[in-house]
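Dear colleague,

I am passing on the structure below, together with some notes on its aromatic side chains. Please read the notes with the model open beside them.

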Amino acid sequence: MHIFITGGTGLIGSHLCPRLLENHQLTVLTRNLNKATQLLGANILAVDSIENVDFNSVDCVINLAGEPIVNKRWSDKQKQRLLDSRILLTQQIVTAIQHCQTPPHTFISGSAIGFYGRQDNTLIDESFTAINPEFSHQLCDAWEQAALAAQSVNTRVCTLRTGIVLAKHAGALAKMLPPFKLGLGGPIGTAEQGMSWIHIDDMVELILFVLDNNNLSGAINATAPNPVNNKEFSRQLGKALTRPAVIPMPSFVLKLVMGEMADLLLYGQFVVPNKVLAQQFSFNYPTLPKALENLLR
């Protein structure tokens, strides 16, 4: 297939593109053509504008671009940047798809489990509707609605509600490792909040599975099937590093440092990927100890 991807140099995209290149032709949207080519190899076609893409020749679009959500405090200006970086590009892609004579048959677009807002210990699948309408939900909902505008008899749309992606050298785990390696890590706030995670390899395989499975559409939870609370996550990370993990991070300290953005760490969800499990998707790293052993050994 000819696949057009945005966010190809990000955490997920940089792991996904080499797998896609094994069987497919790849066009990558990037702000830095040289960086994309150096990172992803000369076999990709790098473009810096979607106007340079003939969507009539594209079979699938994978849209992963967006301003990192934890880079800066959530001022009103930063919230708008987070929205614009996701929605404006998604709208451009949708417009291009809608004007095609032979549109892409599949549009896979990003989202996050923040869609559900803060929740208690209820297991949440894609049918869950008791949403907490905080900013993370507003952001993900607007992003999903923008993508779903491309849905038609010709184009299948899937929105991936992604959890905490665990990888060796980037993302959330890379930020957690320094204090834990020093024995200074530990639970956050009440430590009862849910942490729905996924190993980067399973994230890539899940996207490939969605790409090839026409029975899947709409919202799809991209998380491992065994979420844990923050206390258990901290314990397992300390165990994997053979370090104590008992020094707590009080809620008020996080709120002082991070403002409203601290809610992402202080509250959570226990999310399960029922849609892909129902289609017989198999996780290589279904449990946290197995995932951490692979990433940290």
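Tryptophan 74 is buried in this predicted model, since its relative accessible area is 9%, and phenylalanine 135, with a relative accessible area of 7%, is buried as well. A search of the whole structure gives six aromatic pairs. Tryptophan 74 and phenylalanine 135 form one of them, an edge-to-face pair with 5.1 Å from centre to centre and 65° between the planes. Because tryptophan 74 belongs to the loop between β4 (60–63) and α3 (76–98), while phenylalanine 135 belongs to helix α4 (residues 135–148), this pair ties together parts that are 61 residues apart in sequence.

Another edge-to-face pair is formed by phenylalanine 281 and phenylalanine 283, whose ring centres are 4.9 Å apart and whose planes make an angle of 85°. Phenylalanine 281 counts as buried at 9% relative accessibility, and phenylalanine 283 likewise counts as buried, at 9%.

Phe115, Tyr116 and Phe128 together make up one aromatic cluster, and the ring of phenylalanine 115 has the charged end of arginine 161 sitting over it, at 3.6 Å from the ring centre. Elsewhere, arginine 86 is placed over the face of tryptophan 143, with a distance of 5.1 Å to the centre of the ring.

Notes. Residues are numbered from 1 along each chain as its sequence is written. This is a predicted model: local features need pLDDT of at least 70, side-chain atom pairs count only at pLDDT 80 or more; totals for chains, interfaces and linings use all residues. Side-chain values use heavy atoms; hydrogens and water are left out. Rings of Phe, Tyr and Trp (its six-membered ring) pair if their centres lie within 6.5 Å; planes under 30 degrees apart count as stacked, over 60 as edge-to-face and the rest as tilted. Helices (H or I, at least four residues) and strands (E, at least two) are DSSP runs, numbered from the N terminus. Buried means under 20% relative accessible area, exposed over 50%, partly exposed in between (1.4 Å probe, protein chains only). A charge sits over a ring if NZ of Lys or CZ of Arg is within 6 Å of the ring centre and within 35 degrees of the ring normal.
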